[in-house]
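Please read each one against the coordinates.

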Amino acid sequence: MNAIDTRAHAQSLDQADPLKDFRSAFVIADSDLIYLDGNSLGRLPKRAAEQLQNGIEATWGKRLIRGWNEAWMYLPEQLGARIAKLIGAQPDEVILADSTSVNLFKLASAALAARPNRQEILTDDLNFPSDLYVLDSAAQASSGRRLRILESIDQVYGPELQLQQALGDQTALLSLTHTVFKSAFVYDMAGMTRSAHEAGALTLWDLSHSVGSVDLDLNGSGADLAVGCTYKYLNGGPGAPAFLYVRRDLQDELLNPISGWMGRDDMFGFQRDFEPHAGIRRFLTGTPSVLGLLGIEAGVELILEAGMDALRAKSVAQTEYLIALFESMLEPLGFHLKSPRENDRRGSHVTLSHDLAWQIAQVLTQKMNVIPDFRAPDNIRLGIAPIYTRFEDIYEGVRRMQSVVENGLHLDVPAGAGGVT
Ligand SMILES: *Cc1c(COP(=O)(O)O)cnc(C)c1O
């Protein structure tokens with residue numbers, strides 16, 4: 001038995017990994033690069049590159065507008081039905097459209113319209129800032145209602161109890177990011193949804209950091225509404241269209257606030273009045289980004305093939321392993337763990353803080369060929385995408401971080417911020 005903080009131990013864990021062959025389905029352009037940012041942008045599946053190429057040259061190039069009927073028209077539903085399998089939903093409850101932010105606005109507005117006599121959207125300050133801006137806009141646009149933001153005291157755990165206590169007859173909507181982008185804290189979706197329903201409120205979950213990384217059971221949890229991203233753990237490509245979920249029995253009750261022809265019943269009738277399409281399709285607005293959609297299928301199919309149970313088991317093993325390496329190699333150097341230790345409360349990234357986190361992240365990306373991401377003020381997030389991340393990548397990433405601090409390489413970097421990390 002090797003000591004845990006050795007490369008040989010990491011390699012033995014990779015040898016025993018039942019999912020190890022999935023890595024070869026992805027483009028690995030630089031074998032020395034330690035990529036720990038799959039929670040922000042997943043790797044390119046080889047088959048996605050082929051499908052995009054084919055969609056451009058064979059369909060767009062040769063079939064022109066015939067491509068709509070032959071291939072593109074129902075992509076939003078078809079991909080939605082595949083993603084439904086990953087989130088515990090029915091095939092006709094999920095559809096691809098727009099971006100996560102836009103979908104959040106559409107569903108929050110629809111929920112507010114369905115609860116006209118309640119004044120508040122409830123959320124917390126661990127929510128993604130963009131989600132807070134969007135929820136604010138939706139509240140203001142809906143007869144001046146308000147967004148109430150509860151505080152997480154430690155900025156790691158979601159304030160579940162406080163949120164439950166704050167739910168009341170003024171709450172129209174409880175909207176939370178299921179796996180928190182900063183700390184990877186995972187909300188108890190079923191418990192929070194039950195409390196919201198007891199108060200008469202609807203729930204809207206952002207699954208961006210959850211889909212493809214943690215077990216999700218939207219139907220089993222009674223969730224009303226959800227949105228999520230396809231370019232993170234689903235590996236759908238930069239800016240790929242997002243998905244939205246509306247529970248079946250709510251679909252004909254709720255209205256898309258941005259009525260457009262793609263969401264109209266009989267879209268080619270071109271009548272003057274808007275008549276919403278039955279079911280989930282009413283949440284479409286305009287023509288989808290077809291090229292963006294074409295990049296999504298390969299990544300989703302790989303996740304389905306690997307299976308969420310196996311992926312989640314590997315993700316838990318890998319985040320536990322990373323935390324064990326942190327204790328032995330990084331904690332003595334001034335790093336602190338900013339993610340939950342309980343496996344069932346942690347998503348697939350691990351956050352470490354350090355007083356000089358910004359400088360350390362700079363050296364890692366510019367000199368050490370490690371890509372983590374930095375989140376202000378002092379967090380380094382290490383994202384694990386179990387479909388392609390190896391135990392050895394985790395070991396090597398931690399080892400390079402250790403050497404940056406041990407050798408003081410970060411001490412020459414001036415403080416600053418900017419750019420996408
Ligand atoms: C990544 C992410 C988004 C991204 O939204 P876009 O509209 O694609 O920019 C939104 N919310 C959360 C919680 C995210 O993690």
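1. Leaving out residues up to four places away in sequence, Arg 247 touches Glu 93, His 197, Gly 222, Ala 223 and Asp 224, and since the model is a predicted one, these contacts should be read as computed from it. Arg 247 is found in the loop between β8 (242-246) and α10 (248-251), and with a relative accessibility of 18% it counts as buried, because the cut-off for that class is under 20%. The C-alpha atom of Arg 247 is separated by 8.6 Å from that of Val 94, although the two residues are 153 residues apart along the chain.

2. A second pairing across the sequence involves Ala 110, whose place is in helix α5 (residues 100-114). Ala 110 is buried, with a relative accessible area of 2%, and, when its neighbours within four places in sequence are left aside, it is in contact with Leu 254 and Leu 255. The C-alpha atoms of Ala 110 and Leu 255 are separated by 5.5 Å, while along the chain these residues are 145 residues apart.

3. Which residues of helix α1 (residues 7-15) are buried? They are His 9, Ala 10 and Asp 14, and, seen down the axis of α1, the buried residues fall within an arc of 140°, so they line one face of the helix. As background, an α-helix has 3.6 residues a turn, so residues three or four places apart point the same way. The cover over the buried residues of α1 includes α13 (308-330) and α15 (391-406).

4. On the α13 side the contact is made by Ala 317, Gln 318, Tyr 321, Leu 322, Leu 325, Met 329 and Leu 330, and on the α15 side by Phe 391, Ile 394, Tyr 395, Val 398, Arg 399, Met 401 and Gln 402. Sorted by class, this contact has 11 nonpolar, 2 polar and 1 charged residues.

5. Another helix pair is α4 (residues 75-87) with α12 (residues 296-306), which pack at an angle of about 30° with axes 10 Å apart and are therefore roughly parallel to each other. Here α4 passes α12 in a left-handed crossing. From α4, the residues Leu 79, Arg 82, Ile 83, Lys 85 and Leu 86 meet Ile 296, Glu 297, Val 300, Glu 301, Ile 303 and Leu 304 of α12, and by class this contact has 7 nonpolar, no polar and 4 charged residues.

6. Asp 98, in the loop between β2 (94-97) and α5, has a positive phi of about 50° although it is not a glycine, and at 34% relative accessibility Asp 98 counts as partly exposed. Ala 184, likewise not a glycine, has a positive phi of about 75°; it is found in the loop between β5 (171-177) and α8 (189-198), and at 0% relative accessibility Ala 184 counts as buried.

7. Which form does the peptide bond from Ala 376 to Pro 377 take, cis or trans? This bond is cis, with omega near 0°, and Pro 377 lies in the loop between β12 (373-375) and β13 (379-383).

Methods
Residues numbered from 1 in each chain as written. Predicted model: local features only at pLDDT ≥ 70, side-chain atom pairs only at ≥ 80, totals over all residues. Heavy atoms only, no water. Axes fitted to C-alpha atoms, helices over the stretch in contact; angles between N-to-C directions. Helix = DSSP H or I, 4+ residues; strand = E, 2+ residues; numbered from the N terminus. Parallel < 35°, antiparallel > 145°, perpendicular 65-115°, else oblique. Left-handed = near helix turned anticlockwise from the far one by under 90°. Contact = heavy atoms within 4.5 Å. Nonpolar A, V, L, I, M, F, W, Y, C, P; charged D, E, K, R; others polar. Buried < 20%, exposed > 50% of the residue type's maximum accessible area, 1.4 Å probe, protein only. Arc of directions from axis to C-beta.
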